[in-house]
Amino acid sequence: MEIKTIIAIAIGAAVGTIARYSLNIYTLAAGYPIGTVIENLVGSLLLGFLTGFFIHHIPKDWLKAGLGVGLCGGFTTMSTLAADTLLIYNQMNVFQSLLYVLVSFGGGVAFAILGYLIGDKAGARNNERKVARS
């Protein structure tokens, strides 16, 4: 792996992690792990968008890794989702914890698909503009 790719992943992960931490601090007073839900849904949307967009615009490997693995990987969190699920189960009930899991996973897949469709359309439109200018 190239050093440029490792650096891009590290920078992306740092930015994603700081954004995730900030969102969690901001939403802490809600008494429900809404920050984790937002992080995972927005991260899924962004990764879906990047995937769709990069079909039309092949980026450098370091950029793709920095945004996908680094930024999206640093922003989203599976371990916190798992811990929050257990916390909700212990503090609330099984229904609330199942609802949390369903919203997180189902919403994550739905947002990834939505992001992909938006990214694909944006990438195709951008290609059309380039062709029209030529």
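This report describes the aromatic pairs and the pockets of a predicted model.

Residues are numbered from 1 along each chain as its sequence is written. Local features need pLDDT of at least 70 and side-chain atom pairs pLDDT 80 or more, whereas totals for chains, interfaces and linings use all residues; side-chain values rest on heavy atoms, without hydrogens and water.

**Aromatic pairs**

Rings of Phe, Tyr and Trp (its six-membered ring) pair if their centres lie within 6.5 Å; planes under 30 degrees apart are stacked, over 60 edge-to-face, and the rest tilted. The count comes to three aromatic pairs. Tyrosine 32 and tyrosine 100 form an edge-to-face pair, at 6.0 Å centre to centre and 85° between the planes. Tyrosine 32 lies in the loop between α1 (3-27) and α2 (34-56) and tyrosine 100 in helix α5 (residues 94-133), so the pair ties together parts 68 residues apart in sequence. Helices are DSSP runs (H or I, at least four residues), numbered from the N terminus. Phenylalanine 49 and phenylalanine 53 form a stacked pair, at 5.8 Å and 15°. Ring pairs link Phe49, Phe53 and Phe54 into a cluster.

**Pockets**

A pocket is an open set of points on a 1 Å grid over the protein atoms alone, where a 1.4 Å probe fits, with protein on both sides within 12 Å along at least five of seven lines; lining residues have an atom within 4 Å of a point. A volume is the space filled by probe spheres set on the points, which are joined across faces, edges and corners.

| Pocket | Volume | Lining |
|---|---|---|
| Largest pocket | About 280 Å³ | 18 residues |
| Second largest pocket | About 180 Å³ | 14 residues |

Tyr32 is also among the residues nearest the centre of the largest pocket.

Note on methods
Helices (H or I, at least four residues) and strands (E, at least two) are DSSP runs, numbered from the N terminus.
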